[in-house]
Amino acid sequence: MKKDTIIIGAGLVGSLLSIYLSKKGHKVKLYERRSDMRKEKIVAGRSINLALSDRGIKALEEVGIMEEIKKIAIPMHGRYIHNADGSTAYQPYGNDGQFINSVSRGELNKMLMNLAEANGAEIFFNEKCESINWKENKISFQHTANFLPTIINYQLFFGSDGAYSAARLNHQLQHDRFQYQQHYIDFGYKELTIPSGSNGEFLMEKNALHIWPRGNFMLIALPNIDGSFTCTLFFPFEGETSFASLDTKEKVKIFFEKTFADAADLIPTLEDDFFNNPTASLVTVKCFPWIRDNKFALIGDAAHAIVPFFGQGMNCGFEDCSVLNNLIGKHNDNWKNILEEYQILRKPDGDAIAQLALNNFIEMRDKVGDPKFLLQKKIEAAFSKKHPDKWTPAYAQVTFSPQIRYSDALKNSIKQEAIMQQVMALPDIENIWQTGEVEQMMLEKLLG
Ligand code: FAD
């Protein structure tokens, strides 16, 4: 049955979901706490640009918007590593033709909102979800400017209101035996900007994701279409080298010049930006159930907020929408069955990508600068090239293989890592890795 559907949160995932549902003939209303970003300049709070990869692309293709998005996307074919000694190295992400894309969060969200409205969804801005009466199927909103309340009835509603979801708080958390876990890592992040050159040119390699790995922390930079780069410093909150210890402009300047010398030269307003831009925290949220009866589901970050180190939060949320869309077709609008299968399929995948994302922090901030790790990746890449049906590197499974579930990618990556630990422990591996002996060992371990 087609239902009047309410979506709380017109962020990336809520807007995309509304497009899928409208295309299926549902009457969709989106309620968004913020004002309309297409009319007003929103002060960027976090992550100005995002890495869009194959899972997200698949969903955007399904709703027919990917060609438009390509116009604002910058392909990033690999990691460009800036080592502490000033040397640089380039590591391709995958095979030729495999790349991720730097996309402006704001522009993507605006395009999705436009398409949502073009497909018949209505978006109500400045409406903050305040409470939910699930017994009477009513949601209360308060207008953020005039404070007037609105109460609406729902038949079916989705909470796509992000990591600190009011839908999760006001609905699921009110129920007995709702499992809820939030975990903050000891690292926060701060955004800084490398502006374009005087002629609008990029001052570093354009088609790469730049990383300054420094063991316990790192700086990264993604390109923007105006020639600038958005840099993000992932850094401990406390300790000897931390946000807490860099408490004067002088200390920030000295630290950057010593630690990220080539980047420091390119950030003219470094000290001011460091103190004017917010320091934000990084949370993983796990909860269960994601659904209630045949009328409510959490989706996107509201169901599974993860740390950003695999560049998958949005991609995962987009994949949620794509999976849900397939289930609507499969279960012929029987919402009890649709939501149940959605939860069965997506909860293990949400948990898996949360774990993979945490693991990738250590890889990015530390291992990408380690020669032994680079050799391991080289061996894996060579083996995978020779046996593509037997070995897809973990990064490629997550990023370029939407046909592989995150939960399978996690299982495969654990198995592969165990094999590689044994390979890397072989005496003189640096010189023997191209021998048939190593290849044979990997083949046997894979079967074992
Ligand atoms: P959100 O984007 O948080 O949107 C939620 C919406 O709900 C917002 O518009 C909000 O205003 C609204 N809302 C909130 N509360 C209420 C309320 N009470 N009433 C009404 N509306 C409400 N992902 C990637 O795939 N690739 C990346 O490279 C990447 N990089 C990231 C870098 C950083 C530093 C961070 C923090 C995240 C990154 N992510 C990335 C993750 C990505 O940002 C999220 O996964 C994605 O934004 C989730 O979309 P969402 O729509 O579920 O939630």
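Predicted model: local features only at pLDDT ≥ 70, side-chain atom pairs only at ≥ 80, totals over all residues.
How many residues does helix 11 have, and how far does helix 11 reach from its first C-alpha to its last? The legends below start with that helix.

View 1. Residues are numbered from 1 along each chain as its sequence is written, and side-chain values use heavy atoms, with hydrogens and water left out. Helix 11 (residues 335-365) has 31 residues and reaches 43 Å, close to the 45 Å expected at 1.5 Å a residue (the expected span is 1.5 Å times one less than the number of residues). Helices (H or I, at least four residues) and strands (E, at least two) are DSSP runs, numbered from the N terminus. At the start of helix 11, look for a side-chain oxygen of N334 within 3.2 Å of the backbone nitrogen of K336. Further along, a kink of about 30° sits at R346, shortly before the proline P348; the bend is the angle between axes fitted to the seven residues ending there and the seven starting there.

View 2. The ligand is surrounded by 30 residues, and the closest are E32, R34, A51, R105 and D301 (a residue is near if one of its heavy atoms lies within 4 Å). A polar side-chain atom of R34 lies 2.8 Å from an oxygen atom of the ligand. A backbone N or O atom of L12 is 3.4 Å from a ligand oxygen atom, and one of G313 is 3.3 Å from a ligand nitrogen atom. On its own the ligand has 990 Å² of accessible area, of which the protein covers 92% (Shrake-Rupley method, 1.4 Å probe). Helix 1 (12-23), strand 3 (49-52), strand 9 (127-133) and helix 10 (313-330) each give two or more residues to this shell.

**View 3. Two loops with backbone features to spot.** Most residues other than glycine have a negative phi, and most peptide bonds are trans. A cis peptide bond joins F288 and P289, with omega about 0°. P289 belongs to the loop between strand 17 (280-288) and strand 18 (291-292). N137, which is not a glycine, has a positive phi of about 55°, and this residue is in the loop between strand 9 and strand 10 (138-143).

Conventions:
Polar contact = N/O pair within 3.5 Å; in protein donor to acceptor, adjacent residues only side chain to side chain.
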